[in-house]
Amino acid sequence: MKKFRIKAVVWLAAILVLVVGFAFFAKHITQKMLDDSYPLKYEAEIDAASKKYDVDKALIYGVIKTESNFNPNAKSSAGAIGLMQIVPDTFTWLQTYYKEGEDVAFEALYDPALNIDYGTELLSILLKKYENEETAICAYNGGVGHVDSWLSDPQYSEDGKTLKIVPFPETDNYRRLVAQNKSIYNKLYFQKKSEG
């Protein structure tokens, strides 16, 4: 009887060690998968642009994750290029009105630092214009002209500042993805740092 109790205690201890080990391993693997899916690439460039233009780092990461999944060589069917997927017209507009005297070729936007700088400046301009992050994100994807017309239409906006309905499915999905990616980046990296 005594041997049975000892064997039972040993077995229970072994099972407990296995369960705790498995839980630790599973948590580690899950965290590694999340870190691989939501990397902190281009940290120095994003930190610099975040400070320069006063734009939340998690938002920048959310836009890059949504736009290019951190592929600096990404090119869309609409001709947008780089990490933050900037189109030629937007690039020309930014150079004309916000970067006077800067003469940079469009293809230079394949450079991560330059692309992040231009993309974050655009986000900053849109955030100031609309004073609402979700609306600014819609404008980043759908364009200022479309968003302005939606805001003036009571069918899409009740207050002229926020959108209750986004009529372009692509832009509606885009704003959700950016918000989701931003939230994940905050949970994985930035809330931990501010709490710790």
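Predicted model: local features only at pLDDT ≥ 70, side-chain atom pairs only at ≥ 80, totals over all residues.
**Entry 1: helix 2 packing**

Which residues of helix 2 are buried? Helix 2 covers residues 43–53, and I noted Ile46, Ala49, Ser50 and Tyr53 as buried. Seen down the helix axis, these buried residues fall within an arc of 105 degrees, so they line one face of helix 2. An α-helix has 3.6 residues a turn, so residues three or four places apart point the same way.

I then turned to the other side of helix 2. There I found Ala44, Lys51 and Lys52 exposed.

I also checked what comes just after helix 2. Aspartate 54 takes a positive phi there, of about 55 degrees.

**Entry 2: serine 157**

Next I went to serine 157. I placed it in the loop between helix 7 (144–151) and helix 8 (169–195).

Is serine 157 buried or exposed? Its relative accessibility is 4%, and the cut-off for buried is under 20%. Serine 157 therefore counts as buried.

What does the side chain of serine 157 reach? It comes to 2.9 Å from the backbone nitrogen of glycine 160. The serine 157 side chain also makes a polar contact with the side chain of aspartate 159, at 3.4 Å.

Last, I listed contacts of serine 157, leaving out residues up to four places away in sequence. Serine 157 touches Trp150, Leu151, Thr162, Leu163 and Lys164.

Technical notes:
Residues numbered from 1 in each chain as written. Heavy atoms only, no water. Helix = DSSP H or I, 4+ residues; strand = E, 2+ residues; numbered from the N terminus. Buried < 20%, exposed > 50% of the residue type's maximum accessible area, 1.4 Å probe, protein only. Polar contact = N/O pair within 3.5 Å; in protein donor to acceptor, adjacent residues only side chain to side chain. Contact = heavy atoms within 4.5 Å. Arc of directions from axis to C-beta.
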